[in-house]
Amino acid sequence: MTTKKISHVGIAVKSLDAAVPLYRDVLGMEFEGTEVVAEQKVKVAFFVSGESRIELLEATSPDSPVAKFIEKNGEGVHHLAYEVDDLKATLARLQTQGVRLIDSEPRRGAHGTAIAFLHPKATGGVLTELCQPAQG
Ligand SMILES: C[C@@H](C(=O)O)C(=O)SCCNC(=O)CCNC(=O)[C@H](O)C(C)(C)COP(=O)(O)OP(=O)(O)OC[C@H]1O[C@@H](n2cnc3c(N)ncnc32)[C@H](O)[C@@H]1OP(=O)(O)O
Ligand SMILES: [Co+2]
């Protein structure tokens, strides 16, 4: 088994400015700041929850996956991310198992992580991200 824990839960929001106070001030979670992840066309805000995080996602362009998701579903839970030790090896194994991947190679995620998505049609309707922390 290669998944270690839930890395984060991704939640699509229309506006980080509008959503941050709920998590920081009402739910009282530690706010780690924001980051633009250009390749994914999102700006994210992270909050600590035990060993895991909540990742709020705001679209940075109308063709962002998050903009399309909100257009169709409104704001809400967008994906679940699991931490893995060796993303390349995990993707190779999933390919031999015939799992439909969105990303067959690691891509750049927030805070220097390597990430890859599995297609929600292969994972019971839950968009699933695998995430390998930055080295060091
Ligand atoms: C910063 C980084 C990090 O953590 O470090 C991130 O998280 S970046 C997070 C943002 N990046 C991503 O999400 C990248 C991966 N996502 C994608 O490539 C895309 O969003 C897809 C999941 C392939 C969906 O794109 P597509 O253009 O095909 O949209 P679509 O509306 O036609 O969707 C095709 C089918 O998938 C379903 N679908 C779409 N998005 C979904 C989601 N988030 N959760 C569950 N199901 C979903 C739709 O309802 C539809 O099902 P029906 O056919 O039954 O209606
Ligand atoms: Co994510």
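Student: Where does lysine 41 lie?

Tutor: Helices and strands here are DSSP runs, H or I of at least four residues for helices and E of at least two for strands, numbered from the N terminus. Lysine 41 is placed in the loop between β2 and β3. This is a predicted model, in which local features need pLDDT of at least 70 and side-chain atom pairs count only at pLDDT 80 or more, while totals for chains, interfaces and linings use all residues. Residues are numbered from 1 along each chain as its sequence is written, chains are lettered from A and ligands numbered from 1 in the order in which they are written, and side-chain values use heavy atoms, with hydrogens and water left out.

Student: Which residue other than glycine has a positive phi near 30°?

Tutor: That residue is histidine 111. Histidine 111 sits in the loop between β6 (107-108) and β7 (114-118). Histidine 111 counts as partly exposed because its relative accessibility is 42%.

Student: Is glutamine 40 buried or exposed, and which residues does it contact?

Tutor: Glutamine 40 belongs to the loop between β2 (30-37) and β3 (42-49). Its relative accessible area is 13%, so glutamine 40 is buried. Contact means heavy atoms within 4.5 Å. With neighbours within four places in sequence left aside, glutamine 40 is in contact with Ser64, Pro65, Arg107, Arg108, Ile115 and Phe117.

Student: Arginine 108 is one of those partners. Where is arginine 108 found, and what does it contact in turn?

Tutor: Arginine 108 is in strand β6. Apart from neighbours within four places in sequence, its contacts are Val37, Glu39, Gln40, Thr113 and Ile115. Arginine 108 and glutamate 39 are 69 residues apart in sequence, yet their C-alpha atoms are 7.2 Å apart in space. Arginine 108 is exposed, because its relative accessible area is 60%.

Student: How many residues apart in sequence are glycine 33 and phenylalanine 47?

Tutor: They are 14 residues apart, and the C-alpha to C-alpha distance is 8.0 Å. Glycine 33 lies in strand β2. Not counting residues up to four places away in sequence, glycine 33 touches Val44, Ala45 and Phe46.

Student: What can be said of the helices, taking proline 21 and alanine 92 as cases?

Tutor: Proline 21 is in helix α1 (residues 16-26), and its relative accessible area of 29% is why it is partly exposed. Leaving aside neighbours within four places in sequence, proline 21 contacts Leu16 and Val26. Between proline 21 and serine 61, 40 residues apart in sequence, the C-alpha to C-alpha distance is 23 Å. Alanine 92 is in helix α3 (residues 87-96) and, at 40% relative accessibility, counts as partly exposed.

Student: How many helices and strands does the protein chain have?

Tutor: The protein chain has three helices and eight strands, following the pattern β-α-β-β-β-α-β-α-β-β-β along the sequence. The radius of gyration is taken over C-alpha atoms, and the globule rule is 2.2 Å times the number of residues to the power 0.38. The radius of gyration of the protein chain is 15 Å, close to the 14 Å that the rule gives for 136 residues, so the chain is as compact as a globular protein of that length. Buried residues make up 41% of the 136 residues.

Student: What average pLDDT does the protein chain have?

Tutor: The pLDDT is the predictor's confidence in each residue, from 0 to 100. The protein chain averages 96, and 99% of the residues score at least 70. For the complex, the predictor gives an ipTM of 0.98 and a pTM of 0.97.

Terms used: Buried means under 20% relative accessible area, exposed over 50%, partly exposed in between (1.4 Å probe, protein chains only).
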